[in-house]
Amino acid sequence: LDPGAPLPWSVLEGLKALLSCDVVSLFLLDSTAQQVPVSQDVPAGPVQGEPALEVFFRHYWDSEFCSHPDRTGDLDRVLSPSDFYTRRQYHSTGMWAEYLQPSGLAHELVACLGGKPGRTLRIMLVRGPGPDFGERDRAALWLLRPHLLRLYRDRRAGAQAAGLTPRQRELLLRVAAGDTNRQIGRHLGVSESTVRKHLEHIFERLQVASRTAAVARAFPHETPEM
């Protein structure tokens, strides 16, 4: 479990199963700075053989499919390459040849959850060779967009409000798992009194008075487990 992740991992796993895709990616795309400051993928980790991000941005503005939200300001449509290209045309683009094809990816479906042109939060579904995404998939993703955005914003706001250090979060996860102060101290290599002092600081920062309230305040959308 990673309570600091942009979305609960179970949500991305659920999307993957619901829409029968091989990869689900959530990412914040800053095309102005040519950066992706937020990224979360299921399965976790880079796709084998995935090229560098600089290759993606080299072809970004030439790809009508990828750059459509930034070029037009249209953040509402759920997009697939077939909206812009025939299959032959798409396979002749630099984006396909240098970025997508080496990864073994065949079909994509992308929706903007929010943002503004130049900096958009996107969800991307990917399939390998086989059937392309259909209208059912497109409609389902469109309907889910506002719910995913709300969850993303709530989690981000909760994490910022909590303002816990990584060490404090680790300690609080042990609390959520039901560990005693002695068990937490043994795990972290500190004394019970140090654990109690850490908890006092956490309670003060979160403005709560109990272990249960601290867990609920820090992780409002899920029950943390180790």
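1. Start with the sheet: five strands make up an open one, ordered S2-S1-S5-S4-S3, with antiparallel pairing. Two strands count as paired if DSSP finds at least two bridges between them. Strands here are DSSP runs of E with at least two residues, helices are runs of H or I with at least four, and both are numbered from the N terminus. At the edges sit S2 and strand S3 (78–79), each of which pairs on one side only. As background, strands of a sheet pair through backbone hydrogen bonds, either parallel or antiparallel.

2. A quick word on what you're looking at: this is a predicted model, in which local features need pLDDT of at least 70 and side-chain atom pairs count only at pLDDT 80 or more, while totals for chains, interfaces and linings use all residues. Residues are numbered from 1 along each chain as its sequence is written, and side-chain values use heavy atoms, with hydrogens and water left out.

3. Now walk across the sheet from S2. S1 and S2 are antiparallel and share six bridges, and Ser-25 faces Asp-41 in S2. Next, S1 is joined to S5 by eight bridges, again antiparallel, with Leu-28 opposite Leu-121 in S5. S4 and S5 are linked through nine antiparallel bridges. Two bridges then connect S3 to S4, also antiparallel.

4. Which residue in the turn of the S4 and S5 hairpin has a positive phi? Look at Gly-118: its phi is about 100°, and the hairpin has two residues between the strands. Further along this strand pair, Leu-109 sits opposite Leu-125 in S5, and Ala-111 sits opposite Ile-123 in S5. Ala-111 in S4 is also the bridge partner of Val-78.

5. Are S4 and S5 mostly enclosed or open? Eight of the 10 residues of S4 are buried, so S4 is largely enclosed by the rest of the structure. S5 is largely enclosed too, because eight of its nine residues are buried. Here, buried means under 20% relative accessible area, exposed means over 50%, and partly exposed is in between (1.4 Å probe, protein chains only).

6. On to the inside. The largest nonpolar core has 24 residues, and Ile-123 and Leu-125 have the most contacts inside it. Helix H1 (9–18), strand S1 (23–30), strand S2 (35–42), strand S4 (107–116), strand S5 (119–127) and helix H6 (135–162) each give at least two residues to this core. H6 provides the largest share, six residues. A nonpolar core is a set of buried Ala, Val, Leu, Ile, Met, Phe, Trp, Tyr and Cys residues joined through side-chain atoms within 4.5 Å. Apart from this core lies another, of 21 residues, including Phe-84, Tyr-90, Leu-100 and Met-124.

7. Zoom in on Leu-125. Leaving out residues up to four places away in sequence, Leu-125 touches Leu-19, Cys-21, Val-23, Val-24, His-107, Glu-108, Leu-109, Phe-133 and Leu-141. Contact means heavy atoms within 4.5 Å.

8. How do H7 and H9 pack? Helix H7 (residues 166–176) and helix H9 (residues 192–206) meet at an angle of about 100°, with their axes 11 Å apart. The two are therefore roughly perpendicular to each other; the cut-offs are under 35 degrees for roughly parallel, over 145 for roughly antiparallel, 65 to 115 for roughly perpendicular, and oblique for the rest. From H7, Gln-168, Leu-171, Leu-172 and Val-175 meet Val-195, His-198, Leu-199, His-201, Ile-202, Arg-205 and Leu-206 in H9. Just after H7, Gly-178 has a positive phi of about 95°.

9. Finally, have a look at Ala-218, found in helix H10 (residues 211–218). Is Ala-218 buried or exposed? Ala-218 is buried, with a relative accessible area of 6%. Leaving out residues up to four places away in sequence, Ala-218 touches Leu-164, Leu-172 and Leu-206. The C-alpha atoms of Ala-218 and Leu-206 are 7.6 Å apart, although the two residues are 12 residues apart along the chain.

Terms used. Axes are lines fitted to C-alpha atoms, for helices over the stretch in contact, and angles run from 0 to 180 degrees between N-to-C directions.
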